[in-house]
Amino acid sequence: PVGLFSLSPVGLVNLVLYLLSNTAIITVAHLLRTSYRRLRQSEARLSLSQDVGQIGIWDLDLKTGGLWWSPAMRTLTGIAPGQPPAVDAILSRIHPADRERVEVAFDAARCGHDRFDVEFRFNRDDGRMIWLAARAELFRDAQGTPSRLLGINFDATPRRTIESERDRANSLLHTFFDSLPGAAFAKDREGRYLLGNPIFAEAVGHGPEFFIGKTDLEVLGDDEQARVIMANDQSIIAGGEIRQLEESLLRPDGEPSFWLAVKAPFKDAQGQPQGLMGISLDVT
């Protein structure tokens with residue numbers, strides 16, 4: 001270089017270093033801006049997923065006892081914004097019938113159990129009681145000592161409500177089934193017994209522990225009668241209609257009997273036949 005562009009060797013080195021250092025600064029700044037933008041996007045997605053899924057996140061330092069929880073945790077539990085994060089703030093609101101079970105599981109996790117998974121009834125500040133599910137994982141320091149519990153809470157009330165309604169419906173079904181005046185039963189498409197009430201068990205001479213999962217050929221004492229009954233069942237399932245018919249049955253004591261049966265196929269949500277149910281009255 002000549003004139004204004006002429007540089008001494010030291011000046012040339014300084015210029016090169018200047019250009020390199022500024023290029024490095026610009027590159028690092030760009031990378032930081034990109035990382036920050038991605039971090040904000042990730043935080044936004046995490047916050048949105050917490051809000052949509054009603055998931056609260058918490059982090060407990062086992063060495064200091066310090067607890068952090070996410071804003072979604074406050075929304076989920078209904079704890080007022082002025083309440084600082086504290087384990088006691090959660091435990092004190094747990095239903096008394098569930099509190100000891102939760103405390104035992106929580107203490108086990110703090111003492112070294114790798115996972116914490118428990119459900120309990122929780123009283124929100126607005127007076128509403130919900131089912132909370134808590135799941136956490138234990139982290140250890142370099143020496144292997146338990147150091148942190150990182151966990152989530154989510155509202156398990158809808159699932160618990162569905163399970164409760166299902167259990168109540170099943171209980172009513174079994175009560176009704178066992179109270180029927182005849183021999184009531186249900187079979188799958190292959191003719192294996194799914195259910196049988198006490199009168200049915202008495203008629204075949206076997207309890208549910210014996211006939212559940214078996215066909216008439218395995219349950220009844222007369223193979224020919226069993227084949228006739230199974231053929232009737234397959235015809236009703238294939239036809240898709242309720243049918244009334246009379247069937248004969250050899251009693252456990254060897255005496256013949258006659259039964260007036262009403263049988264109907266049952267189907268799945270797509271309308272496909274899944275089996276048969278029926279009730280038979282002794283008309284001997």
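Analyst: One term to start: buried means under 20% relative accessible area, exposed means over 50%, and partly exposed is in between. Also, this is a predicted model.

User: OK. Is Pro265 buried or exposed?
Analyst: Pro265 is buried, because its relative accessible area is 17% and the cut-off for buried is under 20%.

User: Where does Pro265 lie?
Analyst: In strand 9, which covers residues 256-267.

User: And what is Pro265 in contact with?
Analyst: Leaving out neighbours within four places in sequence, Pro265 contacts Ile236, Ile237, Gly240, Glu241, Ile242, Gly275 and Leu276.

User: How many residues apart in sequence are Pro265 and Ala186?
Analyst: They are 79 residues apart in sequence. In space, the C-alpha to C-alpha distance is 9.4 Å.

User: New topic. Where is Gln225 found?
Analyst: Gln225 sits in helix 9, residues 223-239.

User: Buried or exposed, that Gln225?
Analyst: Gln225 is buried, with a relative accessible area of 14%.

User: Which residues does Gln225 touch?
Analyst: Ser248, Leu249 and Leu250, not counting residues up to four places away in sequence.

User: Now the surface. Which residues make the nonpolar surface patch?
Analyst: Leu12, Val13, Leu15, Val16, Leu17, Tyr18, Leu19 and Leu20 make it. The patch is about 760 Å².

User: Take Val16. Which helix is it in?
Analyst: Val16 is in helix 1, residues 9-53.

User: Why is Val16 called partly exposed?
Analyst: Because its relative accessible area is 39%, which falls between the 20% and 50% cut-offs.

Notes. Residues are numbered from 1 along each chain as its sequence is written. This is a predicted model: local features need pLDDT of at least 70, side-chain atom pairs count only at pLDDT 80 or more; totals for chains, interfaces and linings use all residues. Side-chain values use heavy atoms; hydrogens and water are left out. Patches are made of residues with over 30% relative accessible area and no salt bridge: like charges are joined within 9 Å, nonpolar side chains (Val, Leu, Ile, Met, Phe, Trp, Tyr) within 5 Å. Accessible areas come from the Shrake-Rupley method with a 1.4 Å probe; for residues, only the protein chains shown count as cover. A salt bridge is a side-chain nitrogen of Lys or Arg within 4 Å of a carboxyl oxygen of Asp or Glu. Helices (H or I, at least four residues) and strands (E, at least two) are DSSP runs, numbered from the N terminus. Buried means under 20% relative accessible area, exposed over 50%, partly exposed in between (1.4 Å probe, protein chains only). Contact means heavy atoms within 4.5 Å.
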